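Okay, thanks for coming, everyone.

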Amino acid sequence: MKRKLSGILTLLLVLVVQIAFAQETKTVTGTVVDDQGLPLPGVNVLLKGTSTGTQTDFGGNYTITASPQDVLVFSYVGFQTTDRLVGAQDVINVTLKTDAAELEEVVVVGYGTATRQSFAGTATTIDAENLEVKSYSNVSQALAGEVAGVNVINTSGQPGTASTIRIRGFGSVNGNREPLYVVDGVPYSGSINAINPADIKTTTILKDATATAIYGSRGANGVILITTKRGSAYGEDFIEVDVKTGVNSQMIPRYDVITSPEAYIPLVWEGLYNRGVIENRADPIAYANTNLFSDNVVPAGYNMWNATAAELIDPETRMVRDGVTRIYDPERYEDLAFDSAIRTEANVRFGGGDEKTSYYTSFGYLNDDGYSINTGYDRYTTRLNVSSQVKEWIEVGANIGYAYSESLQNGQIVGSENVFEFADKMAPIFPVFLRDDEGNLVPDPVFGGFQYDYGGASGFRARPNANNLNPIGSAYYDFDGTNRHELNGNFSFDITITEELTFESTYGAQYYTWRNKNFTNPFYGGGTATGGDLFEWEREVLVQNFLQLLRYKNDFGDHSLEVLAAHESNEFERSESTVWKGLAVSPFIYELNNFVENLQPPTGFTEGRALESIFGQINYDYLDKYFLTGSVRRDGSSRFVNDKWGTFGSVGGAWVVSNEDFLSNNELATFLKLKASYGITGDEGDFAGDADFYRGYDTFNLGLLAGGISISPRDNGNPDLTWETSRMFQTGVEFSLGTFLDGSIDYYVKNTDNLIFDRRVGPSQGIAIITVNDGELRNTGLEFNLTGHIFNTPDFKLNVNVNGEILDNEIVTMPLEPSTGEPRILDTSNAPFAYSKGRSIFDFYTREWAGVDPATGAPLWYQYFDDINDNGIFDTGDTAIGEMTPYLTDNPEANVERRVTSTYASATNKYVGKSAIPDVRGGIRIGGSWKNLNFSTQWIYSLGGYAIDYQYGELMSDRFGAAGNNFHTDIFDRWQRPGDITNVPRLADGFDQTATSGSTRFLTSTDYLSLNNALVGYTVSENVLGNTGLDYVNIFVSGDNLFVKTARDGFLPNTSETGNSGRRLYAPLTTITAGVRVKF
Amino acid sequence: MKNLLKLTGAAALLFLGTSCSEEFLEKEPTEFLTTDQIAEAAELNPAVVRGTLTGIYSLMIETGTGGTTNHDDFGQKGYDIYGDMLSGDMALSVSTYGWYRADITEFVAPTDFTRQRNYMVWRYYYRIIRSTNTVIDALGGNDAVPELEENKYIMGQAKAIRAHSYFYLTQYFTEDYDPAAEILPIYDDLQDQNGPKVATSEIFNLIESDLNDAITLLDGFNRTGKNEVNKYVAQGILAYVKGYKQEWQAVYDLTQSVITEGGFQIMTAEEVVRMRHDGPDTTPYGGGFNDLSTPGWMWGIDLTTDTGLGLVSWWGQVDYFSYSYAAVGDSKAIDSGLYDQIPADDVRKNQFRVAPGTSTHLMPINKFFAPERVPFGQNPMVTDYVFMRVAEMYLLHAEAAAQLGRYDEARDALDELLSKRLADSSSYLAGISDEGLLDEIYLQTRIELWGEGKSYLALKRFRETVVRGDNHLSFVGVPIPYNDDRLTFEIPESEIQNNPFIDSQND
């Protein structure tokens, strides 16, 4: 790693080595190594007080002529500068210590660079090392747990999925919360998968307004800056190869569902029995026995036992009787759908250059197969990065990356035909493979082997759940794959006009085409209706970004000043088309000509938006102690109709206290910086749907009806919609205590007003939502990042890093209700949350679950009422409260009491005192080295939040017969007989439809701790490498997603923004890889 | 140095020039169009103007118009199924995927305002109302009488559809006709904001004035397709409205006008059922209820591949021969009690499959079917939707005549229909007493119009009682009167929460 930094220093090599003359000069030699004992090339070795010096070679060796009274100064970026008196020594070996705060490290921020010391905002650069060890196809997933205040949501284990990233809480109600990616200085709207993490040199996260305001409208939700690798400009050509291979598997547990048919079938029987009791049937046992094996419950053909219902179930114990035998053993979907798969990745990188030109090029290959059958991601990437000082006054650069990828996502249809849905929710009495009437497997005349069970279509029997579908059959016989060609790059030229003044221009572009093919086979499942069909969609995106920038930079004694002014335009254009054809000639050719019938008219359209900006920035520095920065930016967006332009800006300052005389040479406070900033940023709304580009317009769908044009209303727009504005104040401190502890703490308050707000309307108006700019939201947060150097000896090092965020969110002002002219009291459009003044946008507002009636087993909720006559009971004269918040607003003196109700609709909607926002969340990294062995573990944690576990809710649902789904094993706690005290209602064949309706019943803590990554590596020592020609060899074993502890197995709060596991979740892969990294 | 500055300046201008124009920040959609884009197109293409009206008919069959992605959310025909099931005539006899189960068939939605099905019905009809208000507004408002013939016809259709939607809202959201009861918010202007419920009489005033206007405006309108409401369809809608209000003379006159002037023919036996062949070629023939051009159909929609309907459609729910839920375990069958009442020699008895013990028992496989008759076959849906038939006019006419005591006229009107269904309709009708005639007309209405969304209207108009047969999954044999709370939907939670002027259900 360190060696790569040598490139930066090559510029300094132009120093002419002069041999100073003095009495008694002698030749001093030595080796400079880092604190891990690795040689450091390119270290400056100077005679103190002169410009005379040399540099170490690639082995870290130097030779210099010096007098005994000379002092040698060893300096190297990122390391503490060290002085040595020559004296009598002829050999001086030096170990340079890492500069604890890495103060001089250059960080790329905004439209320029700053050193870490001078930067007034908060920018966190993540060690490439920490990201590289994680086996992900893109950088977004690897960011988990690395930076305080950055929440990485791994929404799917499907290889090649990009994570959702949230920086500093929830900036908007209905606007955008996505951060801006900037790659090599160009705003990036391509797929993050198109950038091979192995090509990334640094990843920096900007969080506060000083850092993000310069990006104006697009920086409001934080900025992720990615810089790709470059060649070095002086002769040090290198080859790096890394290869790793490993296994993807499902180690994170799924929901604990019933797997035994004998455990499941009595529950169905009991549901029928209870329904019979509720409906006052004469003989509920006979009713259950008669109906258990019937079309609407379990069709007789799915009775897998040598027994009738009466012979099977003992009505007393409600269990399967002893001695009942099976006709066959049904397979489980989970067992056949999931298996370990191989992941292989190889990257090779070349770089180098001379004093004028540098180059970097790479090739990467990734083969990443998921644990679910026929899912995976293959990718080839290449990058070429060249820059050249063509003339003294002009430097030209070009950086082009290309990625080709194929992803296969079979078996994940959004619908019933989904392997993940079946794995958890298909009752264990239903086999994967079809059985004939004797229980034998049925040969498949089409594909060979045995037929999958598609239910009724087989001609044997209909299945009361997802009849005519089988996701494993679909995963094998159908096809859902996407091929992507993705290009991204930029061309830049910098013209030096005078020494102080430069003109910089960059043209950046991202272009990609995606083609998805979705084939459904003609023999089994849904494709039988179309004779086999192929749905194809194609998407083409072009993003163009032009930047022209004038920069003035000068020093005036102790003052230094940088001023820039710029113009930038960004245009995003996306085209899509679809074709759907049926009647396949060959079932193996997934090309349109192989399908001979049109199933829908082809579709196609282009959409997009344009942004134009002018901006400027001033950076001022006095004595390296006081830093000031200010920026202003004006943005225009095509997404707004009447009011396109907004003005944004920021000011910030930093004071490096430790550079003051009174702290110089202080042993304890080795570094201390205070900083504060204030800024205004804008947001133009999200890009979730096609309609979002045109929210300002009333829009209409086009169609053909009765042979003519048909134009039907689509969305109602708001032409006055304009920028949402955030005002963020931040203050923070960065410090180092001795050599033991580094840390930083930031506190911010972010007020967002003119919120882009989807205001609900009483639907009788003919519309449901109007998007307006109204209301105000406040986010406050405290972020900390502490690194302790527990051991720091040459042989053994141990560092512990803890980061986290504590955040709070509150609606300060609600939008106006136009029919009353007053601010809205309550908006429930984001159920189970609600919006109202003084509340967080993620406070739960729902009905309160009150458990189960011990007498009947029926579900209960709380109904609140205004006890007007104050007698403690709900009776005549009292008012039932439907919605608590509006009621209390109208009746602040209400005497609120509650009682239990068995009618869901009568229960009261109210704030239940829990929030989806955790008290604290973040990451922990423990890492270090022992001799040549390095190791690290990275954990992420979250405490204090809640979510509704909908998937658990589905598994606890009482549905009709066996049609619904499998159960979670918690169903064993259900109410069974009068007097049972439990929190799980009776099973009654779907009688209690509202038992799983929205309430606090499934509200679950989102506390979690996960072992996100663990790594052990070994660096082969130079002694062993000897003359092999290898400079560096490191072998390692790394594991991702090794362990997760949550409130319930299968419940993975980290897979969605609000903390609930989604339906059909492809739970994150556990990946264990072994690899080797070699440098020539 | 000078050259350098020139170069820089030129480069800067070059790049600035690429974006600094007014148009750069103007972007318009192409997937769908904005009002301005449509106006611009309309200047050159008059078909675009009519397209905005046709769009209302599109909305009537579009999926998701109830504001959800549910597979029973596909416009008017979706709510026709709700009505058929609430009235008990359509039984969900086998349920696998769960659509309609509980919420409709066990009356969970009609008794719980938090259920989404309430929202869907409400959202859909008020969405249609808003789209008609848009058209009426563009033509000058409620009181305007457009000068251009073409615009007069557009205005007439928009008003008729607005009335149609308000009428269905009164049916689905009120238990009985009570002129004084405040039942629904009213919007007859595009600018109207959320408002309070107004009296039934006010709603019906609007409905009737809209329909009367429509009948006048549409006089002379020679429609280009049967998707469009013409004078006779408007009269038909008004006949239903008047029938609900028990104003029988008006029903009598309106239906008489449609029957004598409309030029429609009652569907023949061959058209209403797939016939068994008696000749040497035994291939069955006829039937299908799938073609808008059938002379007995007054109003409907011609579905084509371009309409783009698939599984989420009426056919996708009901037809065994389509890519449908009906084919994979959600059986929609005729109520067994109603089936038993169909006379044995009635051709309509053959509309339903008899196969006791199977999931297809009493399914309408010979009334509604895709012509290829491949089980689970048709996709996309190109068989048509029926909204109104002339048979309804004969039945309404018979009903009105009987209500007015003109029994012979009632029998004559009924015979016009039954002579095409029964071998000897005259003797059949002769056996029915004057007192029994209304019951017979109710029965014939249910049999003739089974699955067409009209049973629910008849139930309320005849003020009858639902008694479900034994092929229903629940409430078998339980009498439920027409004005039972379980037969009407609740004002949805979203309206109560978001309209500050509505905080109560209808009684």
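I'll take the two chains one by one, then the place where they meet, and finish with a few local details.

Some housekeeping before that. This is a predicted model, where local features need pLDDT of at least 70 and side-chain atom pairs count only at pLDDT 80 or more, while totals for chains, interfaces and linings use all residues. Residues are numbered from 1 along each chain as its sequence is written, chains are lettered from A and ligands numbered from 1 in the order in which they are written, and side-chain values use heavy atoms, with hydrogens and water left out.

So, chain A. It has 13 helices and 55 strands; those are DSSP runs, H or I of at least four residues for helices and E of at least two for strands, numbered from the N terminus. Its radius of gyration is 33 Å, close to the 31 Å from the globule rule for 1080 residues, so chain A is as compact as a globular protein of that length. That radius is taken over C-alpha atoms, and the rule is 2.2 Å times the number of residues to the power 0.38. The C-alpha trace of chain A spans about 120 × 70 × 65 Å along its principal axes.

Now chain B, with 18 helices and 9 strands. Here the radius of gyration is 26 Å, close to the 23 Å that the rule gives for 507 residues, so chain B too is as compact as a globular protein of that length. Its C-alpha trace spans about 110 × 50 × 45 Å along the principal axes.

On to the interface. Between them the chains bury about 7,500 Å², 59% of it on carbon and sulfur atoms. Buried area here is the accessible area, with a 1.4 Å probe, that two parts lose on being put together, summed over both.

There are 24 residue pairs in polar contact across that interface, both residues at pLDDT 80 or more. A polar contact is a pair of N or O atoms within 3.5 Å; within protein, one has to be able to donate a hydrogen and the other to accept it, and residues adjacent in sequence count only if both atoms are side-chain atoms.

One pairing to look up is Glu106(B) with Arg275(A), where the closest N and O atoms are 2.7 Å apart.

Strand 33 of chain A, residues 699–705, is joined to strand 1 of chain B by 2 bridges, and two strands pair if DSSP finds at least two bridges between them. Thr699(A) has Thr34(B) as its bridge partner, and Phe700(A) stands opposite Leu33(B).

Last, some local details. Ser1056(A) sits in the loop between strands 54 and 55 of chain A. Its side chain reaches the backbone nitrogen of Gly1059(A) at 3.1 Å, and a polar atom of that side chain lies 2.8 Å from the backbone oxygen of Asn1060(A). Ser1056(A) and Ser156(A) are 900 residues apart in sequence, yet 9.4 Å apart in space, C-alpha to C-alpha.

Most peptide bonds are trans. The one from Ala831(A) to Pro832(A) is cis, with omega near 5 degrees, and a cis bond also joins Asn379(B) and Pro380(B), with omega about -5 degrees.

Technical notes:
A salt bridge is a side-chain nitrogen of Lys or Arg within 4 Å of a carboxyl oxygen of Asp or Glu.
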